[in-house]
Amino acid sequence: DARVAVTEVFPKQAKDVPVPGLSISNSYLNLHDIPAGSPDRTLPYTVRNIGKAPLTIRDVDCPDGITCSLRQGTVVEPGCTVQFVLTVRFSAFPEGKFFETVRVLSNDPARPVKSLLLAARIVSPSPASDTSSHSSAL
């Protein structure tokens, strides 16, 4: 009964291989109470490459009702930033709790997916206050 041991050898990886690093401002944003039917709201964000190699945006996954100006293929050089905006069309969402996630996919080997969480409560619009003037008899 012969036994054979199989050993697989992997080449040593260099310790200082430059890699990109994805960082995005405001990964969680609570917008609190938003009246139903509110106009679109634009939310500013910044992508920063905290790594030592070019960062490439591979994809941006937005739910219906949210658009993003950051595009697939955008390259951010090491130490640099890129500004982008999310536009939320609140009229597309019903009253109640609002929790949505936008996912940014990149070539960052440590964290290739960054989630941007948006929270709010969509509430009934305030009834118009009565601004008619009342005259009083003198």
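The side chain of Asp-108 reaches the backbone nitrogen of Ala-110 at 2.9 Å, a polar contact in the sense of a pair of N or O atoms within 3.5 Å, where within protein one must be able to donate a hydrogen and the other to accept it, and where residues adjacent in sequence count only if both atoms are side-chain atoms. The model is predicted, so that local features need pLDDT of at least 70 and side-chain atom pairs count only at pLDDT 80 or more, while totals for chains, interfaces and linings use all residues. Residues are numbered from 1 along each chain as its sequence is written, and side-chain values use heavy atoms, with hydrogens and water left out.

**Surroundings of Asp-108**

- Asp-108 is found in the loop that runs between β8 (96-106) and β9 (113-123), strands being DSSP runs of E with at least two residues, numbered from the N terminus.
- The backbone nitrogen of Leu-22 is also reached by the side chain of Asp-108, at 2.8 Å.
- Once neighbours within four places in sequence are left aside, Asp-108 is in contact with Pro-20, Gly-21, Leu-22 and Leu-55, contact meaning heavy atoms within 4.5 Å.
- Although Asp-108 is buried, it has no salt bridge, and the nearest side chain of opposite charge, that of Arg-111, is 5.4 Å away.
- Buried here means under 20% relative accessible area, computed with a 1.4 Å probe on protein chains only, and a salt bridge is a side-chain nitrogen of Lys or Arg within 4 Å of a carboxyl oxygen of Asp or Glu; for charge, Lys and Arg count as positive and Asp and Glu as negative, with His and the chain ends not counted.

**The four-stranded sheet**

- An open sheet of 4 strands is ordered β1-β3-β7-β5 with antiparallel pairing, where two strands pair if DSSP finds at least two bridges between them.
- β1 (22-24) and β5 (66-68) stand at the edges with a single partner strand each, so one side of each is left without a neighbour in the sheet.
- β1 and β3 (residues 41-49) run antiparallel and are joined by 3 bridges; Ser-23 stands opposite Arg-48, and Ile-24 has Val-47 as its bridge partner.
- Between β3 and β7 (residues 81-88) the antiparallel pairing extends over 8 bridges, and Thr-46 stands opposite Gln-83 in β7.

**The protein as a whole**

- The protein has 0 helices and 9 strands.
- Of its 138 residues, 28% count as buried.
- Among contacts with a separation of 6 or more, 67% are accounted for by residues 24 or more positions apart.

How values were computed:
Buried < 20%, exposed > 50% of the residue type's maximum accessible area, 1.4 Å probe, protein only.
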